[in-house]
Amino acid sequence: MTAFFESLGMSHDWAWFVATVSGILLIALPLMLAVAMIIYAERKIWAAIALRRGPNVVGPFGLLQSFADGLKVFLKETIIPSSANKALFLIAPIITFTIALIVWAVVPFDVGVVLADINIGLLYILAVGSLGVYGVIIAGWASNSKYPFFSALRAAAQMVSYEVSIGFVIITVILWAGSFNLTEIVLAQEGHVLGILNGFGFNPLLFPMAVVFLISSMAETFRTPFDLVEAESELVAGHQTEYSSMSFALFWLGEYANVILMCGLNAILFWGGFLPPLDIEILYAVPGIIWLFLKMGLFFFVFGWVKATVPRYRYDQLMRLGWKIFLPLSLLFVFLVSGWLMLTKTSGGAL
Amino acid sequence: MIATIAFYLFASLTVLSALLVIFARNPVHSVLWLIVAFFNAAGLMLLLGAEFIAILLILVYVGAVAVLFLFIVMMLDIDFAKLRSGFTANLPFGLLIALVLLAEIVIAVTASRSGPIIGDKPVDTAQPNIIAFGDLLFSRYLVPFELSGLILLVAMIGAIVLTHRSRGDARGQNIHRQVNRDPEEAIRLTQPESGKGVEL
């Protein structure tokens, strides 16, 4: 894109600057639109599962429901509790929202269609993703109220627990792809199994890791059945209890941006990202970004489906799953995958 | 030019937030300032071209260690005024530690000026430094690397052994037993006589 702006007669530095800013806007604005539409889609999914109609009043088929909600939230008064730590109370939703946005810098939508094509992209996602918990912790502490505080403690423990197994799962992918760069990871999946299936997930050695990653990504985004952070029957609304108006909306937007990111990561790491599912010439006629969005939509449906049907875990069950099942399992697969790769020396190649 | 400005920005913010870690009245604020200091240190690493260390600094220190710090500090009710009262008593010891650290920094700086010590060949700046790390860690520094891993494992097991105490009356959930329960033994149908109840 830099070259395009240079052709308009800008100097190289200015062209780079304008290209980067427009790249950021090209990701952030559609993302916000996607969040609005995906909240609507999710409410429709839950409604369908519960044999209800869901939002159907605002606009055709209720499509504008999220925008109406956004407008309503925008017009509300921002209330700051008198005993809250004012500065931190206001910073917390901003942190959640900002971090949810900056992770997208390294997500590849197609070959070369990525804002920052850095060679440690996956580590960047891990590092920035692990910061997401600060929004919850700071909100919980700064609210100076007991329910948000419990929520903050739960969030801290849950995040640290599941990040361990996510780290190991990612190691298995990196071992096989031989790179930290997300585009190269996707390209390494081309014709991965039997020369025709695109995706590490089709590999029997990596399929269990894909499942562990899917479940862990639900835990990382605090979705049902792991939403103990905002368990409404115990903690009112968790860390968001004392928030109102736009500060509440920022939490909401950040949360759903993270959910979409996790859907994208599942697709990119295990199911071929922007590649079509089968390595057949004619399927490449469809642009890669469409394939990526289809896969993300599929995973989002799974997220909504699980949220509508699976009851919430107890906290000790959550910890048991993270530490006693996922951690040993992913550790075992790190050994198996690295052993297999050492024996067959196919690192970066097909199965 | 921009790199120079960025360096001074990151460096001054690191020093400032490090000072605020000490001077903040509230322990939670101290930890938050510590996180800001980590961030700016990571920024300095990025300027040096050590992107792997920068990301690791954020991933390990900010993403895990500081979360646990914050967790502990938020739960404990620490009275900083009380801790501060021992300031003069601990001052000589603190100064000693500061002196040792200063000496180490001076030694490190002068030693690195006299030529490269790590690696026989100069570091190839073209390749990602994660590869350079891997090459050195798993060839020349394999034994120290594995040893440090072993020490960390021992420390972890030690911490668990020291703090774990089994209470006799703790009731756990045996999921295996629950799943394998058989309706035949779990349910008993009886016909109690009126006014007598059931023997369990």
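Start by selecting chain B: from the N terminus on, its elements run α-α-α-α-α-α-α-α-α. That makes 9 helices and 0 strands, where helices (H or I, at least four residues) and strands (E, at least two) are DSSP runs numbered from the N terminus. You are looking at a predicted model, in which local features need pLDDT of at least 70 and side-chain atom pairs count only at pLDDT 80 or more, while totals for chains, interfaces and linings use all residues. Residues are numbered from 1 along each chain as its sequence is written, chains are lettered from A and ligands numbered from 1 in the order in which they are written, and side-chain values use heavy atoms, with hydrogens and water left out.

**Stop 1: the surface of chain B**

**Stop 2: two domains of chain B**

Now colour domain 1 (1–78) and domain 2 (128–163) of chain B; these bounds come from an automatic or database domain assignment. Their centres, taken over C-alpha atoms, are separated by 24 Å. The contact (heavy atoms within 4.5 Å) takes 5 residues from domain 1 of chain B and 4 residues from domain 2 of chain B.

How much area do domain 1 and domain 2 of chain B bury between them? The answer is about 340 Å², 65% of it on carbon and sulfur atoms; buried area is the accessible area (1.4 Å probe) that two parts lose on being put together, summed over both. On the domain 1 side, select Glu51(B), Phe52(B) and Ile53(B), which lose the most area to domain 2 of chain B, together 88% of what that side buries.

**Stop 3: aromatic rings in chain A**

Move to chain A and select Tyr162(A) and Phe226(A). Their ring centres are 5.8 Å apart and their planes at 55°, so the pair is tilted. Rings of Phe, Tyr and Trp (its six-membered ring) pair if their centres lie within 6.5 Å; planes under 30 degrees apart count as stacked, over 60 as edge-to-face and the rest as tilted. Tyr162(A) is buried at 0% relative accessible area, and Phe226(A) is buried at 2%.

How values were computed. Buried means under 20% relative accessible area, exposed over 50%, partly exposed in between (1.4 Å probe, protein chains only).
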